[in-house]
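This briefing reviews side-chain contacts and covalent cross-links in the structure shown below.

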Amino acid sequence: MGSNYGFFICFLLWGGTELCYSSSSRLLQRNVNGSVSSSPPPPVLVKCLEAQLVVTVSRNLFGTGKLVRPSDLTLGPEHCKPLASDHTADVVRFEVGLHECGNRVQVTEDTLIYSTFLLHRPRPMGSLAILRTNYAEVPIECHYPRSGNVSSLAVQPTWVPFRTTVLFEEKLAFSLRLMEEDWSTEKRTPTFQLGDTAHLQAEVHTGSHVPLRLFVDHCVATPVPARTTTPHHTIVDFHGCLVDGLSDATSEFRSPRPGPDTLQFTVDVFHFANDSRNLMYITCHLKAAPAAQAADQLYKACSFSKSSRSWFPVEGSTDICGCCDKGDCGLLGFPRTLPPTDGLSLNQWQKSASRRRRHVAEEANVTVGPLIFLGKATDNGVEGWTSNAHSLMLLGLGLLVLVPLTLAIVILGLSRRHRMVA
């Protein structure tokens, strides 16, 4: 590990008090023997060790003479408890692993940053309903240089770089949205008619991760939000083949991508025959891999061109789409840089590739919907309009007959009355 460790501590105290260390004391540099270049020591001391975080908290946390209770102190989102100590002790200690207590990790170009927080949440004593100390949350960070292996063991040939390990441990946020025709904004209303085209945009929100490339592995349309129901229609299959484009549809992936973490595609709107429901849901299995990883049969985005009667990818060579016609895209070929004659059997290489894929990829199922199909509602409207028009026509004809008869009766009545008077 690097020879220096650093941390940053800042109090934000509720109740109007704000205490932050100056820039000179905010970042304290520690050497290997643990000496500190700051005096007097702050109420919270942090040691960033090779695989452990040690936090020492003064019970006179606020400097007012009111001692905090160890039971009111926790560390991290998982609220880890401090080490057991004598109630007369002046300090409270926490010793946790870097990956424990919900600690978060962020990767920068040259640094690994582990962050957590110390939480003081006071509770009333006994039957009293008052508090004499404030709520406080103290952010804590440990910075580690990425210039070398942080393990004290010898580097093994199967060692996984930190950028890969971090990617595996932190969950990614996937999304699938309906977009307007120009792709500029999310679609305001999810209503469609036959002949329309649905514009879908899949994204992965990487946060502090290394750059990632998103892939749509599989998509299925269903009348309810369950991808295993019947009826259903497969839109994307075989690890990224947009098979809906094989029919009379123009469905395809959009190329080029707006960015490696975004993938857009279009689907011609349809409805399920002999199904009275006018709703449709699209569920896609999304996955991400490092942006530097070359596209292959398991990580691809392929569309079918009716003009050339062939498949073409958004990125990579056309060879990766060759399995879309066969429907067998589950086994990767040998990489050009590592043929099987280099000491690995086929079975060994497959296991190694499987381990690599588990570390470098995250995946999730995401559903968009409901898409509201207006075709049947429009047909009912036309039928209703036709029926109303027919009724109005009959009413008009009836009035045309009734009005002259009424006038004739009135005239005859007036004539008889005039004769009787005469």
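**Side-chain contacts and cross-links**

Asp275 has a relative accessible area of 12% and is therefore buried (buried means under 20% relative accessible area, exposed over 50%, and partly exposed in between, with a 1.4 Å probe and protein chains only). The model is predicted: local features need pLDDT of at least 70, side-chain atom pairs count only at pLDDT 80 or more, and totals for chains, interfaces and linings use all residues. Residues are numbered from 1 along each chain as its sequence is written, and side-chain values use heavy atoms, with hydrogens and water left out.

**Salt bridges**

- A search of the whole structure returns ten salt bridges, each being a side-chain nitrogen of Lys or Arg within 4 Å of a carboxyl oxygen of Asp or Glu.
- Asp275 takes part in one of these with Arg277, at 2.7 Å from N to O. Arg277 has 40% relative accessibility and so counts as partly exposed.
- Arg257 and Glu315 form a salt bridge through their side chains, at 2.8 Å from N to O. Arg257 is in the loop between strand 17 (252-253) and strand 18 (262-268), and Glu315 is in the loop between strand 21 (310-313) and helix 3 (323-326), so the bridge ties together parts 58 residues apart in sequence. Helices (H or I, at least four residues) and strands (E, at least two) are DSSP runs, numbered from the N terminus.
- Arg257 is buried at 12% relative accessibility, and Glu315 is buried with a relative accessible area of 19%.
- Between Arg69 and Asp72 there is a salt bridge whose closest N and O atoms are 3.1 Å apart. Arg69 is partly exposed at 27% relative accessibility, whereas Asp72 is buried at 5%.
- A network of salt bridges links Arg69, Asp72 and Arg123.

**Aromatic pairs**

- Five aromatic pairs are found in a search of the whole structure. Rings of Phe, Tyr and Trp (its six-membered ring) pair if their centres lie within 6.5 Å; planes under 30 degrees apart count as stacked, over 60 as edge-to-face and the rest as tilted.
- Phe215 and Tyr299 have ring centres 5.7 Å apart and planes at 70°, so this pair is edge-to-face. The pair links distant parts of the chain, 84 residues apart: Phe215 is in strand 15 (residues 212-222), and Tyr299 is in the loop between strand 19 (279-290) and strand 20 (302-305).
- Phe215 and Tyr299 are both buried.
- For Phe270 and Phe272, the ring centres are 5.9 Å apart and the planes meet at 90°, so this pair is also edge-to-face. Both Phe270 and Phe272 are buried.

**Charges over rings**

- A charge sits over a ring if NZ of Lys or CZ of Arg is within 6 Å of the ring centre and within 35 degrees of the ring normal.
- Lys287 places its charged end over the ring of Tyr299, 4.2 Å from the centre.
- Lys187 lies over the face of Phe192, at 5.0 Å from the ring centre.

**Disulfides**

- A disulfide is a covalent bond between the sulfur atoms of two cysteines. The structure contains six disulfides, identified as pairs of cysteine sulfur atoms within 2.5 Å.
- Cys48 and Cys142 are joined with their sulfur atoms 2.0 Å apart, and the angle of -80° about the S-S bond makes the link left-handed. Cys48 in strand 5 (residues 44-48) and Cys142 in strand 11 (residues 136-145) are 94 residues apart, and their pair links distant parts of the chain.
- Cys48 is buried at 2% relative accessibility, and Cys142 is buried with a relative accessible area of 2%.
- Cys219 is joined to Cys284 at an S to S distance of 1.8 Å, and this link is right-handed, with 110° about the S-S bond. Cys219 in strand 15 and Cys284 in strand 19 are 65 residues apart, and the pair links distant parts of the chain. Both Cys219 and Cys284 are buried.
- Cys302 bonds to Cys321 at 2.0 Å from S to S, in a left-handed link with -80° about the S-S bond. Cys302 lies in strand 20 and Cys321 in the loop between strand 21 and helix 3, so the pair ties together parts 19 residues apart in sequence.
- Cys302 and Cys321 are both buried.
- With the bonded cysteines of the chain numbered in sequence order, the pairing is 1-4, 2-3, 5-7, 6-11, 8-9, 10-12.
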